[in-house]
Amino acid sequence: MEGNGFYNRSSRVQAAGLSPALPLLEAAARSVALPPAPQPVVIADYGSSEGRNSLAPMAAAIAALRERVGREREVSVVHTDLPGNDFTALFEALADDPGSYLRDDPATYASAVGRSYFAQILPAGSVTLGWSSWAVQWLSRTPAAIPDQVQVAFSRDATAHAAYAHQAADDWRTFLTMRSRELARGAKLVVLTMAMDDAGDFGYGPLLESMYAALRELVDDGLVHGDELERMAIPTVGRRREEFAAPFAAGDVDGLSLERLDVFSGDDRIFAQFESSGDAQAFGAQWAAFSRASVFPTLATALKGGAGDPRADTFVDRLEAMLAARLAAAPVRMSIPLAQMVIAKH
């Protein structure tokens with residue numbers, strides 16, 4: 001993810017996509033078992049990034065909990081992400097954003113932990129309510145090269161597909177196992193993530209085809225070397241409905257049950273804005289900014305000098321401009337398959 005607040009400014013796709021899951025989070029907050037007073041009610045936000053898209057969900061969850069515990073009971077919100085995350089931007093959003101859940105609620109406290117959610121992050125049995133949005137599609141590592149694309153869903157390489165599928169299954173079980181340790185009895189976890197729809201579509205086709213074409217053009221121009229493009233891969237997956245359910249059916253995650261699972265199509269707010277305004281340049285620019293914020297830093301690590309390569313800034317800037325131009329030339333609605341689920345700890 002690109003830091004310095006860029007992700008906060010360029011994540012409208014994620015903000016729109018998480019909206020359908022908010023009623024599930026509110027319902028979970030109204031039904032979870034509460035710890036005995038005076039212990040605080042702990043909410044964990046897994047994969048917070050720079051925090052802007054966590055403000056509304058946390059506010060909704062806290063409001064629902066306040067209906068049960070009143071205004072005086074202490075609530076602890078713990079945001080988690082990788083150690084390299086821009087936590088400064090997160091705390092600035094908590095302090096300054098008009099939508100911050102800390103406003104007018106002196107009994108709510110925010111903190112953050114820089115650690116991967118593929119490990120246990122919080123004390124065993126301490127979490128009352130969990131939330132994760134637009135995060136668990138990221139794998140713990142890049143399992144294989146993708147010889148003909150940067151996103152495995154659009155590759156024709158069987159070896160890459162098998163490696164990514166195996167890693168996705170392992171990572172999902174690991175994520176759930178770690179959460180099973182942290183969740184208290186009667187706690188719930190609400191997850192919103194990218195998915196594969198029932199027809200096998202990962203979505204974002206025009207975006208990823210344009211991105212790969214732009215990368216090949218950068219090779220032709222000499223900015224990127226061929227072997228660097230071969231190393232570029234976005235380690236994200238869209239799991240199928242049955243892949244989300246598999247660890248529960250197999251009994252691989254002791255103490256957890258899958259209460260609800262929906263796979264649905266998210267709204268393309270960027271295309272809706274284009275339909276209203278007719279501004280193709282804005283359409284291209286917004287999708288390119290989304291890509292820059294979410295995946296360009298990962299692609300840049302494949303440069304010979306990694307993220308610190310002297311070409312990295314030029315690479316990111318040119319890729320964004322080229323992608324924006326390609327998308328603006330032929331605006332189309334993006335398919336955005338998503339999954340939302342409610343997981344309970346017994």
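1. Start with Asp-309. At 8% relative accessibility, Asp-309 is buried. The model is a predicted one. Asp-309 forms a salt bridge with Arg-311, and the closest N and O atoms lie 2.9 Å apart. Arg-311 is also buried, at 18% relative accessibility; the cut-off for buried is under 20%. Shared partners link Glu-228, Asp-309 and Arg-311 into one salt-bridge network.

2. How many salt bridges are there? The count is 16. Two further pairs are worth a look.

3. Arg-179 and Glu-182 pair through their side chains, with N to O at 3.0 Å. Both residues belong to helix H6 (residues 158–182). They are three residues apart, so about one helical turn separates them. Is this pair buried or exposed? Arg-179 has 0% relative accessibility and counts as buried. Glu-182 is buried too, with 0% relative accessibility.

4. Arg-241 and Asp-198 form a salt bridge of 2.9 Å, N to O. Arg-241 sits in helix H9 (residues 241–249), while Asp-198 is in the loop between strand E5 (183–194) and helix H7 (205–221). The pair therefore ties together parts that are 43 residues apart in sequence. Arg-241 is partly exposed, at 30% relative accessibility. Asp-198 is exposed, with a relative accessible area of 58%.

5. Now the nonpolar interior. In soluble globular proteins, nonpolar side chains tend to be buried together. Here the largest nonpolar core holds 101 residues. Which of them touch the most other members? They are Met-211, Met-232, Trp-287, Leu-299 and Phe-315. Helix H13 (residues 312–329) is the top contributor to this core, giving nine residues.

6. Another core lies apart from the largest one. This other core has eight residues, including Val-152, Ala-160, Ala-168 and Ala-233.

7. The second largest pocket has about 330 Å³ of space. Its lining has 21 residues. Which lie closest to the pocket centre? They are Ala-165, Met-196, Val-237, Gly-238 and Glu-243. Helix H6 supplies the largest share of the lining, seven residues. H6 and H9 each give at least two residues. By type, the lining splits into 12 nonpolar, five polar and four charged residues.

8. Check the backbone at Pro-38. The peptide bond from Ala-37 to Pro-38 is cis, with omega near 10°. Pro-38 is in the loop between helix H3 (22–31) and strand E1 (41–46).

9. Asp-104 is in the loop between helix H5 (87–96) and strand E3 (108–114). Its relative accessible area is 69%, so Asp-104 is exposed.

10. Where is Tyr-204? Tyr-204 lies in the loop between E5 and H7, the loop that also holds Asp-198. Tyr-204 is buried, at 3% relative accessibility.

Key
Residues are numbered from 1 along each chain as its sequence is written. This is a predicted model: local features need pLDDT of at least 70, side-chain atom pairs count only at pLDDT 80 or more; totals for chains, interfaces and linings use all residues. Side-chain values use heavy atoms; hydrogens and water are left out. A salt bridge is a side-chain nitrogen of Lys or Arg within 4 Å of a carboxyl oxygen of Asp or Glu. Helices (H or I, at least four residues) and strands (E, at least two) are DSSP runs, numbered from the N terminus. Buried means under 20% relative accessible area, exposed over 50%, partly exposed in between (1.4 Å probe, protein chains only). A nonpolar core is a set of buried Ala, Val, Leu, Ile, Met, Phe, Trp, Tyr and Cys residues joined through side-chain atoms within 4.5 Å. On a 1 Å grid over the protein atoms alone, a cavity is a set of points where a 1.4 Å probe fits but cannot get out, and a pocket is an open set with protein on both sides within 12 Å along at least five of seven lines; lining residues have an atom within 4 Å of a point. Grid points are joined across faces, edges and corners, and a volume is the space filled by probe spheres set on the points. Ala, Val, Leu, Ile, Met, Phe, Trp, Tyr, Cys and Pro count as nonpolar, Asp, Glu, Lys and Arg as charged, and the others, Gly among them, as polar.
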